[in-house]
Amino acid sequence: MPSEGSALPLVISLPHCSAQVPSPAAARLALGPLEVEQSVDLGSSEVFGPLPALKILPAPQTRLVVDLNRSPDDLGPKGVVAAIDYAGRAVFPPGQGPDQELKRRWVDSFWRPWHQELAAALAAPGVRALLDGHSLDGIGPAEAPDPGAKRADVVLSNRGGEGGEAAPERGEPTCPPEVFRLLGEALREEGLSVAYNTPYVGGHIIARYGPQLRARGAVAVQMELNKDLYADRDYSRVYPEKAAELSRVLNRALSRFLSHRW
């Protein structure tokens with residue numbers, strides 16, 4: 001187990017933690033500041049941010065401008081520059097959304113620099129894991145894959161099936177199933193309930209970097225934290241003491257997980 005005070009040998013990406021709107025996009029948005037704030041993965045900065053990782057990469061801008069967890073080649077209405085937010089609201093006024101050329105410029109300006117930094121961080125010596133950090137509602141919303149369902153405290157994803165095994169339609173998982181379940185067990189030992197690839201199997205970030213990490217014996221995992229662990233009922237604020245305690249719990253679980261050799 002990593003010694004107290006030492007860095008965990010992992011990189012953490014936080015692609016949906018920001019509400020910042022870059023100036024080139026500000027005049028185009030149909031959504032106001034509160035609606036932009038609602039696009040943030042509430043609590044992801046507060047819980048993942050204090051972890052002693054080798055590198056933590058927060059998003060510098062809102063996902064409503066460029067979603068770092070989407071393919072840069074997906075320029076459709078639900079792609080890297082989305083026309084509709086997660087609540088079904090139009091991001092841009094009618095007829096004023098970015099055209100394909102502007103979308104490409106935004107990808108070049110906002111998506112590529114962040115991913116270049118992430119790729120460089122993952123290439124550094126000693127990195128054993130990429131942890132892509134997110135948060136989710138405690139009950140599946142209407143537009144989610146699991147509407148009305150009560151969710152686990154932590155949802156782990158490796159692009160596989162419900163036990164972490166390979167899903168033929170998605171290729172090799174980004175973390176071997178037996179290693180994936182070691183992380184789940186480490187979290188359960190800390191009193192957290194865990195689901196694997198339900199309701200989400202993992203997005204572009206782990207799909208993009210997982211194969212190259214696995215080729216050198218490292219892994220990529222998406223982790224979604226249930227907001228009910230640290231937020232108020234309306235998901236309008238984070239309770240700092242609860243977020244800090246969950247961060248400490250994750251630190252212990254990740255330390256235990258990373259003490260294994262695979």
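**Close-up views of a predicted model**

View 1. Elsewhere, salt bridges that share partners link E189, E190, R252 and R256 into one network. A search of the whole structure finds 14 salt bridges.

View 2. The side chains of R89 and D85 meet in a salt bridge with an N to O distance of 2.8 Å; D85 is buried at a relative accessible area of 9%, whereas R89, at 24%, counts as partly exposed. In the salt bridge between D67 and R70, the closest N and O atoms are 3.8 Å apart. Here D67 counts as buried at 7% relative accessibility, while R70 is partly exposed, its relative accessible area being 37%.

View 3. Helix 4, which comprises residues 100-122, has a kink of about 35 degrees centred on V107. V107 is itself one of the buried residues of this helix, and the others are L102, K103, W106, F110, W111, W114, H115, L118, A121 and L122. An α-helix has 3.6 residues a turn, so residues three or four places apart point the same way. The buried residues of helix 4 pack against strand 1 (8-14), strand 2 (53-58) and strand 3 (129-136), and also against helix 1 (23-26) and helix 6 (204-215).

View 4. The structure holds 1 cavity of 30 Å³ or more, and about 50 Å³ of space lies within the largest cavity. Its lining is formed by L10, A129, L130, L131, L183, V219, V221, L254 and F257, and the elements that give two or more residues to this lining are strand 3, strand 6 and helix 7. Strand 3 contributes the most, with 3 residues. By class, the lining of the largest cavity has 9 nonpolar residues, with no polar and no charged residues.

View 5. The peptide bond that joins T198 and P199 is cis, with an omega of about 10 degrees. P199 is placed in the loop between strand 5 (194-196) and helix 6. Most peptide bonds are trans, and most residues other than glycine have a negative phi.

**View 6. Two loop residues with a positive phi.** Although R159 is not a glycine, its phi is positive, at about 65 degrees. R159 lies in the loop between strand 4 (154-157) and helix 5 (177-188), where R159 is partly exposed, with a relative accessible area of 21%. Y235, likewise not a glycine, has a positive phi of about 55 degrees. The loop that holds Y235 runs between strand 6 (219-226) and helix 7 (240-258), and Y235 counts as partly exposed at 23% relative accessibility.

Definitions and conventions:
Residues numbered from 1 in each chain as written. Predicted model: local features only at pLDDT ≥ 70, side-chain atom pairs only at ≥ 80, totals over all residues. Heavy atoms only, no water. Bend = angle between axes of the 7 residues up to and from the residue. Helix = DSSP H or I, 4+ residues; strand = E, 2+ residues; numbered from the N terminus. Buried < 20%, exposed > 50% of the residue type's maximum accessible area, 1.4 Å probe, protein only. Contact = heavy atoms within 4.5 Å. 1 Å grid on protein atoms, 1.4 Å probe; cavity = no way out; pocket = protein on both sides within 12 Å on 5 of 7 lines; lining within 4 Å. Points joined across faces, edges and corners; volume = space filled by probe spheres on them. Nonpolar A, V, L, I, M, F, W, Y, C, P; charged D, E, K, R; others polar. Salt bridge = Lys/Arg side-chain N within 4 Å of Asp/Glu carboxyl O.
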